[in-house]
Structure formats: structure tokens, C-alpha cells
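Here are my notes for a reader meeting this structure for the first time. Please keep the model open while going through the points.

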Amino acid sequence: MTEVKSPEVSAPPAAVPDELTEQPGRWGRLRPFLPLVALVVALILPYSTLHLPGIFEGALNSPGTLQLLAVCLVFGGLAAGYDLLFGRTGMLSFGHALYFAAGVYGTDILITRAGLPLWQAAPLAIVGGTILAGLLGAVALRTVGIAFAMVTLAFAQVGAILVARDFGGLTGGEEGLPLDVAGLPDGLVGVTNTVNLYWLALAYLVVVVFVVHRVSGSPTGRVLAGLRDDERRIGVLGLDPYRFKLVAFTLAGGLAAAGGAVYCLIVGGASPHITSSELTLSLLVMVVLGGPGTRWGPVLGGILYMYLDHRLVSFGTSDAVNALPAFLSRPLSQPLFVLGTVFILAVYFFPGGLASLAPRLALLRDSLRPGSRQRG
């Protein structure tokens, strides 16, 4: 007699209680759209006449406010490009300002000295800065660790000396080189066209964020993350760490040169301070302040740092600071002192940078819920 077996039916998965299931909530559903909302707000901001006393000196659509915001946007993109080296690949470069200066001085020299129009000068300066990054990176990446940082610093110091000594009579020396507006389109000349420079800076930030995110999400980006965590493991897998690091170094230099071209248009020229190693150290502070290796941390860090750097100058000379006792007014009148204090406090209380602020607040909010106390 043949035995008939009943078909096996797999048991349904055990139901998870609702209180143990993480619910996305309204914030979780809206969070992916926040960058798009921020972009829309940034696009329509020049049409706003809102005045924020104490935050900006004039209305949001005033030329002074728009120029400040444009500078902040450029440095937000510059910090995101630098994070491609530091936060995502683990390379500490002290010479990144050199490629930013190449974009600034390259654009200015080609327009003012060579008489080229902007549409020719800017691409040539960006390509030149990218090639310079590739050549110097090919040499610097023969070293690792602190030796690599020192080599990049040495290259940057050479560039700073050439600019300060007015090499070939091109850079203007310590006085800088004002931009000849005759080679610029009419839409980028004059105070009334500051809004166009603001939109140009916003476009630069969007391009940098897009490039960095695409690279980070690609197979090359995963190799770069592996280099940051354990370079020897990448070599064992048969991949060439030198080649991937050179790609990241060159790409970051090209993005910095593009930011230099935009910055030259915003400030109307070039000055020697952009070639100093202090600028690279400022980029490092921006990335650490925002959160290295995160999606939006370096952008927020760069924007916040440059905003404070500009606004603290007027804050230090305000009547409120002057009315304080001398032992308080003197340090508060120094922007670098206030910036350093803010940075120390941010690193101490938020080691992961501004990017870790939202998860920490969410954790604190969840711990204060009555249900969490009962489960604990």
C-alpha cells in the first residue's frame, strides 16, 4: 500500500509586535525629500525681501547678503570635494588650497593678462588645475601617512611663494590681481547682477555634491572606502591602491579648481591669502565640523564655517561686545578665538560632526518616550 504524504507547508513568519517594529514616521518619510526642499529654497531665496536682524546685515535679496551666501556655497562645495580625499579615502592633504588657487589665479590671469573671454579662461583654468593635481599627486602618492601630508604641504608652499613673489609679473604679488571685467558677460558684472553669481555658486555646489555622491556609490567609491579602512586588503584583492588614490586626488583637485574659478568671479579677483596652508587647514576644520565621510556633513560644515568667519568680524566690533568687561571683550573680538572655541565644543559634544546631530537627537527623543522607559 502506497503511503501518501501530505505536502509540507512552511509556517508563516512569526509576527513582530508593533512596539518592537521601527516605524518610519512622518519624519522618516519626508527625510529623503529634504535635499530637494533645501535646493528649492536656495533657488527662490534671492526673491525674498525677508530681513533677519543679527543673522544678516540686510535683506536676503540684498547684494551683500547674496555675496556672503555665494561664498558660503562655494566653500561648502570645496569642503565636499576635500572630503573625497580625507573622509572617503583617508588621505590627509595639506596642499589642497594650491588647486583652488590655481582655479582663481588661472581664471584671473587668462582674463586680465591674456585677454581671453570667460568661456575660454574658466575651462582652461579648471583643466590646468586638474592636470596640476594629477602631476603633483603622482609624486606625492609615492609616500604615505605623514610623509604624504608634508609633501603636499611643500608643493603648496612653493605655489604660495611663486604667487607672493609675482612670478613672471602675472600674479600681482602681495597686492593681488583685480579681475578685468571687460572679459566677463554683462550678466556677471555689477552689484545688480550679484544674484547671478549666487546662482552660479549654487550650481557649483550641486555639481560637486552630485559628482562626489556618484563616485562614492560606484565600485570606485567602494574601493576608496576600502583604502581608507585597510589599504593592504585592497592590494591583496589584486587592485592597485596607487591608481585609485591618484584618481581621487586628481578629481578632488579638479573640483577645487572649478570652485576657484567661481570664487574669482564672486570676489572680483585673486589675493595671496588663498594660497596659504591656513586655507587647507580651514577645509580640514570644515570637514571635521560637519562630519567626515558623510553625505551632507562637509557641505554644512563648509557653509557654517565661512558664515561664522565673515559674521564674527562684525560681531567682534559690535557695541554688545565692546560693552563687556575687558577680559571678555578682547577674546570675543577675535574671530579666530571664537571659531576655535566653537570647533572645540562641537568636536567634544558631537564627535561625528553636525551630521551626527540628528541621530543623537533622535536617540535622546526615543529615550525620553514613556514607552521606552517601561520597556527598559
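1. Start with burial: a residue is buried under 20% relative accessible area, exposed over 50% and partly exposed in between (1.4 Å probe, protein chains only). I44 has 49% relative accessibility, so I44 counts as partly exposed. I44 belongs to helix α2, residues 34–44. Helices are DSSP runs (H or I, at least four residues), as are strands (E, at least two), numbered from the N terminus.

2. A word on the source. This is a predicted model, where local features need pLDDT of at least 70 and side-chain atom pairs count only at pLDDT 80 or more, while totals for chains, interfaces and linings use all residues. Residues are numbered from 1 along each chain as its sequence is written, and side-chain values use heavy atoms, with hydrogens and water left out.

3. Which residues make the nonpolar surface patch? They are F33, L36, V37, V40, V41, L43, I44 and Y47, and the patch covers about 790 Å². Patch residues have over 30% relative accessible area and no salt bridge; nonpolar side chains (Val, Leu, Ile, Met, Phe, Trp, Tyr) are joined within 5 Å, like charges within 9 Å. A salt bridge is a side-chain nitrogen of Lys or Arg within 4 Å of a carboxyl oxygen of Asp or Glu. Areas come from the Shrake-Rupley method with a 1.4 Å probe; for residues, only the protein chains shown count as cover.

4. Now the rings. Rings of Phe, Tyr and Trp (its six-membered ring) pair if their centres lie within 6.5 Å; planes under 30 degrees apart are stacked, over 60 edge-to-face, the rest tilted. By this rule there are eight aromatic pairs. F56 and Y307 have ring centres 5.8 Å apart and planes at 70°, so this pair is edge-to-face. The pair links distant parts of the chain, 251 residues apart: F56 is in the loop between α2 and α3 (63–89), Y307 in helix α12 (residues 297–316). F56 is buried at 11% relative accessible area, and Y307 is buried at 18%.

5. F148 and F249 also form an edge-to-face pair, 6.1 Å centre to centre with 80° between the planes.
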